[in-house]
Amino acid sequence: MKTKFSCNYTLAIVLLCCNIVFAFKGVPLPESELKKVTKKSSTAASIITATGNQVYCPQSSIKIVTDVAINSTEELTAIYIQISSGYVNGQDILTLVGAHPNLTSNWNADSGTLTIARNNNNATLSEFITAIKAVEFRNSSVIPTGIRNFSISLGQANYLPSSKHYYQFVSSPGISWGDAKRAAAASNYFGLKGYLVTITTLDEAIFVGEQLSGTGWIGGSDTRKEPEWRWETGPEEGTQFWYGRQSGSTTTFAYWNDYKEPDNGGELALKGAEDYAYIAPPGNGQKGRWNDTSLYGSNDPLNVNYPRGYIVEYGGMPGDVYPQISASTSLTMLSITETKAPDICGSGTALLEAKSSAGTINWYADETGASLIATGSSFTTPVLNANKTYYTAAEFEGCFTKRTAVEVRVNAVPEVTSVLNPEPVCGSGIFFLEATVSAGEANWFDSKTGGSVLGTGSLFITPNLSSNTIYYVEANNNECRSLARIPIEIKIYPLPDVQNQEVVLCAPNSVTLDAGISNVAYLWSTGETTQKITVSQLGTYFVDVTATSAGNCSNRKTIKVIELPAPEIQKIDVDNRTVTIILSNPESYFEYSIDGINFQNANIFYDAPGGLQTAYAREKSGCKTASKSFVVLVFPAFFTPNNDSFNDVWEVTGMENYPEAQITIFDRYGKFIAQLNASKKYWDGTTNKAPLPASDYWFVLKIDNTQPILRGHFTLKR
């Protein structure tokens with residue numbers, strides 16, 4: 001349960017130059033008081049400029065500026081000089097050198113800030129300028145690296161040159177995230193609008209998280225949508241910077257105290273209440289590490305989630321006019337930043353390379369005392385047969401860095417001392433190849449030269465191989481390779497080429513089974529040893545076929561002796577002279593015929609002869625044939641009754657097979673002409689023995705009461 005504070009007062013001390021508010025816990029400042037604060041600090045009447053981007057000689061002391069100028073219509077009370085980036089606590093220090101009777105200096109190692117303040121009202125602007133010029137930087141390391149940026153500010157808020165923004169920790173124990181956001185947004189620093197800090201670069205994260213004087217709320221929250229963490233303040237408002245269920249740290253510059261979705265568990269996590277980000281106090285994880293908690297945090301001052309204040313950022317808001325109340329300089333640590341030394345195989349020369357932060361690069365044969373042997377970013381050694389260490393150092397205007405060792409390794413040329421050749425196999429197999437080397441490790445390839453490494457180590461397991469293959473192995477000692485690759489040949493003898501079969505047995509006959517390959521040895525499952533055997537029983541037979549060539553490889557052929565079902569003719573469809581044989585059990589191994597002699601795979605026949613016919617279906621081996629009779633009625637398209645013995649009458653072929661059939665003939669006007677039946681099978685073109693004229697005539701065929709009536713027409717030609 002959270003404790004609500006009911007204080008109805010606020011005590012604030014406002015430093016006009018710095019706009020720093022020290023607020024006791026209670027209600028926020030009244031709006032009228034906030035306006036007074038922001039109005040007095042809304043403009044800057046002072047301007048500072050400085051020069052002095054220099055190179056630092058290790059373990060020396062150096063002034064941080066070469067010149068500085070301040071124009072001010074207001075009386076200065078203090079100057080704030082901070083190592084704003086690259087700061088190494090415990091090594092870097094700023095010191096005010098010389099006598100400055102009207103000024104005092106104070107070094108804060110946690111923030112890397114030197115404060116120079118007047119100790120009486122007699123301090124003048126020129127004394128501040130003289131003091132700034134007298135500030136020296138020193139680093140205690142023998143080999144310092146990187147760059148130190150210095151901000152020299154007329155106001156107390158910390159200035160980061162890389163972002164050109166100002167940052168200020170406001171101590172306000174127990175303040176909620178919402179109140180902190182509103183208080184930050186109401187603040188103003190020399191005309192710059194304030195907001196709860198947003199962190200978008202590693203430089204900014206280190207500066208804000210490690211060098212400010214306190215810890216507290218920052219502008220991140222996932223209240224919009226769990227667990228999408230966004231900046232809710234400043235110019236980055238609405239920008240997502242982390243998806244909370246991803247593993248690892250938020251980004252390269254955001255660090256949660258644990259590595260889960262930032263809710264830390266427990267009752268708050270179950271309620272989804274830990275939705276606001278803050279920088280945790282020292283002693284609770286890595287310094288500068290982020291964490292999350294509820295809107296009010298803990299009400300226990302000893303708890304890590306107890307709010308200790310908030311961090312305000314100034315700069316980047318629309319309409320901001322940047323004051324010239326800060327200047328910056330930098331020192332580049334003279335150092336060797338990178339070295340490269342390729343290994344030598346056997347013997348030879350090596351091209352050594354180095355990079356420095358500034359100045360000239362020198363090369364030496366020994367760590368101390370040796371004469372200079374080369375200058376420049378690279379140096380080619382003489383021919384070396386053994387390991388050798390050279391040294392390099394950076395030089396700038398008479399300053400030398402400590403020499404950096406650059407070791408050249410001469411690796412012995414390795415050899416493949418033994419290989420294990422695998423025994424040949426039949427057909428296919430996976431092989432375990434082995435090799436030993438004199439130094440380093442074995443590399444495996446499938447080509448004599450070039451190609452990609454297939455595997456490393458003394459053992460290499462091949463994929464399943466089905467043909468002769470050669471692999472190659474070399475010794476590799478730190479990229480120093482043996483002079484040639486050693487081949488390892490894998491021999492695979494071919495298996496006899498056999499194909500499994502299905503053979504149809506037409507019982508009670510017998511069938512011959514054939515191994516299908518000659519001049520080899522045979523062993524049938526029946527015990528026989530010939531290429532062919534005869535069987536009369538259904539079942540599965542196999543024969544082991546063994547080659548008499550190298551390897552004596554065997555292969556097994558399996559033959560299934562089966563019996564196919566007999567075809568069953570369901571019906572015969574006759575459409576004019578097109579006949580279709582329809583089976584109730586059609587299969588691809590059946591064939592068809594309508595004359596019993598000529599068989600075909602298709603079950604459709606065209607131009608079938610008229611009359612009584614027989615349809616056949618059989619298994620293709622000739623076993624088990626089925627048959628069924630059918631009739632094809634052929635209706636002549638014309639006839640010529642001229643007594644020339646050709647087409648003299650009109651007669652329907654096949655009608656004789658239907659004793660009940662009747663054909664009625666009509667002329668074109670529907671007049672009855674004649675009727676044909678079993679006793680009168682044809683029409684000669686007359687009626688009452690009088691010839692009818694040439695014309696088209698129509699017929700109606702009724703076969704019986706079970707068949708459909710057929711209609712058609714034909715032509716009488718004279």
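**Entry 1: aromatic pairs**

Rings of Phe, Tyr and Trp (its six-membered ring) pair if their centres lie within 6.5 Å; planes under 30 degrees apart count as stacked, over 60 as edge-to-face and the rest as tilted. I note that this is a predicted model, in which local features need pLDDT of at least 70 and side-chain atom pairs count only at pLDDT 80 or more, while totals for chains, interfaces and linings use all residues. Residues are numbered from 1 along each chain as its sequence is written, and side-chain values use heavy atoms, with hydrogens and water left out.

I then examined Trp 217 and Tyr 278, which form an edge-to-face pair, 6.0 Å centre to centre with 75 degrees between the planes.

**Entry 2: a stacked pair and its cluster**

I turned to Phe 635 and Phe 699, a stacked pair at 4.9 Å centre to centre and 15 degrees between the planes. Phe 635 sits in the loop between strand S55 (625–632) and S56, and Phe 699 in strand S63, 64 residues apart. Phe 635 is partly exposed at 24% relative accessible area, whereas Phe 699 is buried at 6%. Phe 635 and Phe 699 belong to one aromatic cluster, whose members include Trp 650 and Tyr 697.

**Entry 3: strand S17**

How many residues of S17 are buried? I found five of the five, so S17 is largely enclosed by the rest of the structure. Trp 217, Gly 219 and Ser 221 point one way, and Ile 218 and Gly 220 the other. S17 pairs with S20 in the antiparallel sense over two bridges; pairing requires that DSSP finds at least two bridges between the strands. Ser 221 has Tyr 276 as its bridge partner in S20, and stands opposite Arg 230 in S18. S17 and S18 form a hairpin with six residues between them.

**Entry 4: the open sheet**

I traced five strands in an open sheet of mixed pairing, in the order S56-S64-S63-S58-S59. The edge strands, S56 (638–639) and S59 (672–676), each pair on one side only. Seven bridges join S63 (residues 695–702) to S64 (residues 710–716), which run antiparallel. Trp 698 has His 713 as its bridge partner in S64.

Key
Helix = DSSP H or I, 4+ residues; strand = E, 2+ residues; numbered from the N terminus. Buried < 20%, exposed > 50% of the residue type's maximum accessible area, 1.4 Å probe, protein only.
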